[in-house]
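This report describes the fold of a single protein model. The structure is shown first, and the description follows.

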Amino acid sequence: NSSLTLQAQYRSPSGDWADNYLSDLSFTNSGIWDTNFRPGISAELGDYDIRIMVNDTDGASTGWKVYNNTITVSNNNPIVANYNSPSEILRTESSTIYFNTTDVEDSENTHTPSVESRSPMGSWSSTFISTIEYDSDCQCWETDFTPVASAELGYYDLRFKVEDTDDGASGWYTYNNIIEVGNNNPDFVNYTLSSSQTLRTEKIVIGANSTDIEDAEDLHTLDVQYRSPSGSNWSSDYLSELYYDSTLGHWSTNFTPTTTAEIGYYDLRFMVTDTDDGTSNWSTYDDVLFVASNPPELTSYNLLNNDIYRTGTSVILVGVYDIEDSNSSMSIVPEHRSPSGNWSSNYFSTAWFNHTSGLWSANFTPTILAELGEYDIRVKVVDLDGGSSDWSTHLDDVTVRNNGPQFADYTFIDTAGTSNLSHAELHRSDTMSILVNSNDIEDTEADHVV
């Protein structure tokens, strides 16, 4: 057998007989002829025919013996070689996934790859996958993964598949829990105040704006707190329930300090929570609200005597009110002004509160040296916080008069120098003295004119 000569050829499904893919025939130690069939990477796919012819040393030949559809030449399927992706991403953000494919037959850039993602509770989809492109710089495939604002949160799976130019395809290469999609936390934007100052029991409207890539502002939950001037803790006791004002397009709450609220500058802070329980940081603003005391009010005034003499006394009666303090806990400041003088309180006694009448009182007692004429009187109320009402002024309210002198008694003294208090007799051309005594609250007797 080893002296024979063999020929072998193949024929592709649409081709002619050839032997390019066959190695040289050799006679093996096992007593058989052997040749290797190795189709090239561009070989036609399908069933190949084989024919063999044997020649002996005398030139005799068997002729070609044909075997149809003997060998099937198949495509080498491509594979996904590797990938690189982000480990976490926020909704609406984009991050690039890189991967490589390989194939015995085709160059990588002739492949057709596919990429899909799967949310924690979802199905496979390419919705968040951009167009896949071949990057010649990195010699790899790349695509962007961009979860939308409403994308499910959690860990996403990835899978890859590749097809070659012969329609051969790899299976899906699946990788679980590859990318964690996170929530975009909301942000606090700004605040507005209807006023920067308020009185106790009155209100300031606080407006607040928030923003979020994912949620509408009116779906947020806002926390607003204040801190008093000497306080160390934050509170919301003076704040009303927050509500969304669709007309103004922001959140609103009313700040209404009570009658006992500390006076001074208050701090504010804001925090936003979205529908996925994501929160912003606290945004803190110092000394933005000023709480002031309500000034007391003078509700009534009366002077018991509008016409008095020096050293005489008249009483003023004053009604007061304060939303914060009791009437008896406050005080009044009375003052007077003489016709040519300035305001003074010298002629007023210390004021006192009459619990029976519910009025404040003070005595007005001009001294013996007081200027005569019409006096003005003014009064104001002072509360426990040092706040005061406006002056309540009453012009020409009281007339201060002079105390007239009084005749006390008299005595006759005759020529003999005898004093007689009842009567006296004298002759014509005689002289008799009359002694007169007077008194006065204000003047000495020597200053009188009789």
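## Conventions

Two strands are said to pair if DSSP finds at least two bridges between them. Strands (E, at least two residues) and helices (H or I, at least four) are DSSP runs, numbered from the N terminus. The model is predicted, so local features need pLDDT of at least 70 and side-chain atom pairs count only at pLDDT 80 or more, while totals for chains, interfaces and linings use all residues. Residues are numbered from 1 along each chain as its sequence is written, and side-chain values use heavy atoms, with hydrogens and water left out.

## Overall form

The protein has 0 helices and 35 strands. Its radius of gyration, taken over C-alpha atoms, is 58 Å, well over the 22 Å that the globule rule gives for 450 residues, so the protein is more spread out than a compact globule. That rule is 2.2 Å times the number of residues to the power 0.38. Along the principal axes, the C-alpha atoms fill a box of roughly 220 × 35 × 35 Å.

Contact means heavy atoms within 4.5 Å. Among the contacts with a separation of 6 or more, 61% join residues 24 or more positions apart.

## Surface and charge

Of the 450 residues, 36% count as buried; the term means under 20% relative accessible area, with exposed over 50% and partly exposed in between (1.4 Å probe, protein chains only). The protein exposes about 25,100 Å², of which carbon and sulfur atoms supply 44%. Accessible areas come from the Shrake-Rupley method with a 1.4 Å probe, and for residues only the protein chains shown count as cover.

There are 18 positive and 69 negative side chains, and the centres of the two sets lie 2 Å apart. Lys and Arg count as positive and Asp and Glu as negative, whereas His and the chain ends are not counted. The place of a charge is taken as NZ of Lys, CZ of Arg, CG of Asp or CD of Glu.

An open sheet of 5 strands has the order 25-32-31-27-28, with mixed pairing. Its edges are strand 25 (307-309) and strand 28 (343-344), each of which pairs on one side only. Strand 25 runs parallel to strand 32 and is joined to it by 3 bridges; within this pairing, Tyr309 has Arg401 as its bridge partner in strand 32.

Strand 31 (residues 373-382) is antiparallel to strand 32 (residues 392-401), and 6 bridges connect the two. One of the residue pairs here is Gly373 with Val400, the latter in strand 32. Strand 32 also contains Asp396. This residue has a positive phi of about 50 degrees although it is not a glycine, and at 46% relative accessibility Asp396 counts as partly exposed.

Glu335 lies in strand 27 and, with a relative accessibility of 16%, counts as buried. Leaving aside residues up to four places away in sequence, Glu335 touches Trp343, Ser344, Ser345, Phe348, Asp376, Ile377, Arg378 and Trp391. The C-alpha atom of Glu335 is 129 Å from that of Asn20, and 315 residues separate the two along the chain.

The loop between strand 27 (331-337) and strand 28 holds Gly341. Gly341 counts as partly exposed, at 27% relative accessibility. Between Gly341 and Asn68 the C-alpha distance is 140 Å, with a sequence separation of 273 residues.

## Strands 9, 12 and 13

Strand 13 (residues 140-145) pairs with strand 9 (residues 95-102), an antiparallel arrangement with 5 bridges. In this pairing, Phe99 stands opposite Trp141 of strand 13. Strand 12 (residues 133-135) is also antiparallel to strand 13, through 3 bridges, and Asp135 has Cys140 of strand 13 as its bridge partner. The hairpin of strand 12 and strand 13 has 4 residues between the strands, and Gln139 in this hairpin takes a positive phi near 50 degrees.

Asn69 is located in strand 6 (residues 65-73). Its phi is near 50 degrees, a positive value in a residue other than glycine. At 52% relative accessibility, Asn69 counts as exposed.
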